[in-house]
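Try each task before you read its solution.

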Amino acid sequence: MSRASLEKQPHEVARMFDGIARRYDLTNDVMSLGQDRAWRSATLRALDVGPGDRVLDLAAGTGTSSAPLADRGVLVVPCDLSFGMLEVGKRRRPDLGFIAGDATRLPFADASFDAVTISFGLRNVVDTARALGEMLRVTRPGGRLVVCEFSHATWAPFRTVYENYLMRALPTVARAVSKETDAYTYLAESIRAWPDQRALGREIRAAGWDEVAYRNLTGGVVALHRATRPEA
């Protein structure tokens, strides 16, 4: 399987995720030492949605982040670029309405959702600004955005250890679990090249979102960004 480049051409990204779909969730759990569960729980709390709310879950993959929302009675729409991910997700949760879609050209009407969320997928989108604009378009006025994404560790000694893990240990761990080291080498590179917390916050604000804020998780390894669509 060829891995995507940091130019992030959509067809390359989709093909890469197709290739790792079957063992993707297990590999994430192993590589994060189980921390991915805490990160997703924090995202769920930040969304603060309940029964009847409409939520778009972008880069939903196999539905790992969508399932807890659906179980709460939320009308969640899992959307992803990778058909392989969607197929695995549909087999696991046939009750969820998985939809194939590109974050830069969302197949939804204006103001369709009470909230939009994307976890560990924004950095894989070819045009971040355009995707954030599309998320704004499909969110109702006053609605929320929650982005959970890898970021930059805030403590310098820990940051050095973490970056060494990303570039050296992560592909080795991935080889033991999924055998697809090329994909996880790309993912490590994309994490290291991604903007830090403040820079991403500025991009979110520039796209038109209001009340932009973030908080660090696991020492800044992950950042949880929150924003709202202006009322007018």
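## Contacts, cores and cysteines

**Exercise 1.** Find what Leu145 is in contact with, leaving aside its neighbours within four places in sequence.

Solution. This is a predicted model.

**Exercise 2.** Which residues touch the most other members of the largest nonpolar core?

Solution. Start with the count: this core holds 26 residues. Leu56, Leu58, Leu122, Met135, Leu145 and Trp209 touch the most other members. Next, look at the elements. Two or more residues each come from β1 (54–58), β2 (75–80), β4 (113–119), α6 (128–138), β5 (139–150) and α9. The largest share, 5 residues, comes from α6.

**Exercise 3.** Is Gln197 buried or exposed, and what does its side chain reach?

Solution. First, locate Gln197: it is in helix α9 (residues 197–206). Its relative accessibility is 6%. Buried means under 20%, so Gln197 counts as buried. Now follow the side chain. It makes a polar contact with the side chain of Ser151 at 3.0 Å. It also reaches the backbone oxygen of His152 at 2.9 Å.

**Exercise 4.** How many disulfides does a search of the whole structure find?

Solution. Recall that a disulfide is a covalent bond between the sulfur atoms of two cysteines. The search of the whole structure finds 0. Cys79 is buried, at 0% relative accessible area. Cys148 is buried too, at 1%.

Notes. Residues are numbered from 1 along each chain as its sequence is written. This is a predicted model: local features need pLDDT of at least 70, side-chain atom pairs count only at pLDDT 80 or more; totals for chains, interfaces and linings use all residues. Side-chain values use heavy atoms; hydrogens and water are left out. A disulfide is a pair of cysteine sulfur atoms within 2.5 Å. Buried means under 20% relative accessible area, exposed over 50%, partly exposed in between (1.4 Å probe, protein chains only). Helices (H or I, at least four residues) and strands (E, at least two) are DSSP runs, numbered from the N terminus. A polar contact is a pair of N or O atoms within 3.5 Å; within protein, one must be able to donate a hydrogen and the other to accept it, and residues adjacent in sequence count only if both atoms are side-chain atoms. A nonpolar core is a set of buried Ala, Val, Leu, Ile, Met, Phe, Trp, Tyr and Cys residues joined through side-chain atoms within 4.5 Å. Contact means heavy atoms within 4.5 Å.
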